[in-house]
Amino acid sequence: DYDVSSCDATSLQVLSEPGRRAETKSYVYCMRGGAPGREVVLYEYNDRLHKQFVQAWYEGFKGYLHVDGDNFFELIGALEGVNLVNCNAHARRKFEPIAKSTKGQGLAKELLRFYKSLYKVERTAKEQNLIPTERYGLRLKESEPLLQDLKRWLDKNLTLVLPQSPLGKAIQYCLNRWEGLMMYLKDGRLEIDNNLTEQRIKPFVIARKNFLFCASVEGAHALCMHFSFVETAKKHGLDPFHYYNYILKNIPLCKCLEDYEKLLPWNLSREQCLKDT
């Protein structure tokens with residue numbers, strides 16, 4: 001029901017997927033959302049038709065959706081009432097390897113200076129603990145003029161580089177997603193990038209380096225369920241081990257929806273979970 005969400009995906013190999021080779025990669029999506037104090041981190045497995053999967057998962061959603069530039073999000077972004085907030089960190093990363101390989105000054109280094117200034121504004125807002133309305137005002141004053149200058153820079157330099165060169169592709173990437181890259185200026189609750197969701201994907205990626213794959217589709221769904229419990233518990237300051245102990249002891253006592261809702265992480269304290277362990 002909350003009007004700000006975010007989504008990111010990472011690959012997952014499942015050995016026994018019906019009608020697919022064991023080497024074929026599927027994906028796990030991480031979705032973040034929920035009003036302040038009731039935030040949820042959810043993981044969902046999907047093996048194909050990713051555009052349709054995202055559209056179906058967010059059916060009925062209205063508001064801002066943080067995403068990267070992947071085409072998985074094309075269908076949901078085309079729906080009325082859905083505003084894609086594209087990730088400026090992804091746009092910036094397109095230029096980093098070009099800048100590193102360039103001696104002296106160059107166009108890629110010029111662009112990185114724009115982003116250095118934009119992220120300085122975000123750092124100021126964080127250091128001053130600005131509330132969303134204050135952050136919105138700061139961005140209009142400081143970030144919007146920088147982005148207007150950046151847009152003029154992109155338009156100008158697109159004509160000076162080869163379209164299929166790394167620099168040409170990086171500039172075109174930004175121009176193709178310009179509306180989404182500017183979207184974070186619309187609301188002080190929004191982020192300049194999708195890094196917070198990438199941070200929630202990282203524990204899954206690290207774990208995947210150890211377990212490597214899932215043997216079955218059922219295992220992939222179970223994996224996503226457990227990651228959802230663990231990461232949402234961590235989000236609300238709970239120790240996942242003690243939270244699991246608490247809910248496993250109390251789920252058999254639940255008789256109605258309200259009883260289950262009492263077990264949601266934001267309805268429990270660390271002390272409650274420790275006391276019942």
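**View 1. Inside the largest nonpolar core of this predicted model.** This core counts 32 residues, and those touching the most other members are F95, L111, L147, L150, L154, I171 and Y184.

**View 2. Zooming in on F95 and its contacts.** Skip the neighbours within four places in sequence, and F95 is in contact with A108, L111, L112, L167, A170, I171 and C174. Two of these names, L111 and I171, also turn up with F95 among the core members that touch the most others.

**View 3. D8, a buried charge without a salt bridge.** You'll find D8 in strand β1 (residues 4-16). The nearest side chain of opposite charge belongs to R93, and that is 7.4 Å away; a salt bridge would need the atoms within 4 Å. So who does D8 touch? Leaving out residues up to four places away in sequence, D8 touches V28, Y29, C30, D68, N194, T197, E198 and I201.

**View 4. C7 and C30, two cysteines in no disulfide.** The nearest cysteine sulfur to that of C7 is the one of C30, 7.7 Å away, and looking back from C30, the nearest is that of C7. A disulfide calls for sulfur atoms within 2.5 Å, and the count for the model comes to zero. Both cysteines are buried: C7 has 1% relative accessibility, and C30 has a relative accessible area of 0%.

Technical notes. Residues are numbered from 1 along each chain as its sequence is written. This is a predicted model: local features need pLDDT of at least 70, side-chain atom pairs count only at pLDDT 80 or more; totals for chains, interfaces and linings use all residues. Side-chain values use heavy atoms; hydrogens and water are left out. A nonpolar core is a set of buried Ala, Val, Leu, Ile, Met, Phe, Trp, Tyr and Cys residues joined through side-chain atoms within 4.5 Å. Buried means under 20% relative accessible area, exposed over 50%, partly exposed in between (1.4 Å probe, protein chains only). Contact means heavy atoms within 4.5 Å. Helices (H or I, at least four residues) and strands (E, at least two) are DSSP runs, numbered from the N terminus. Lys and Arg count as positive and Asp and Glu as negative; His and the chain ends are not counted.
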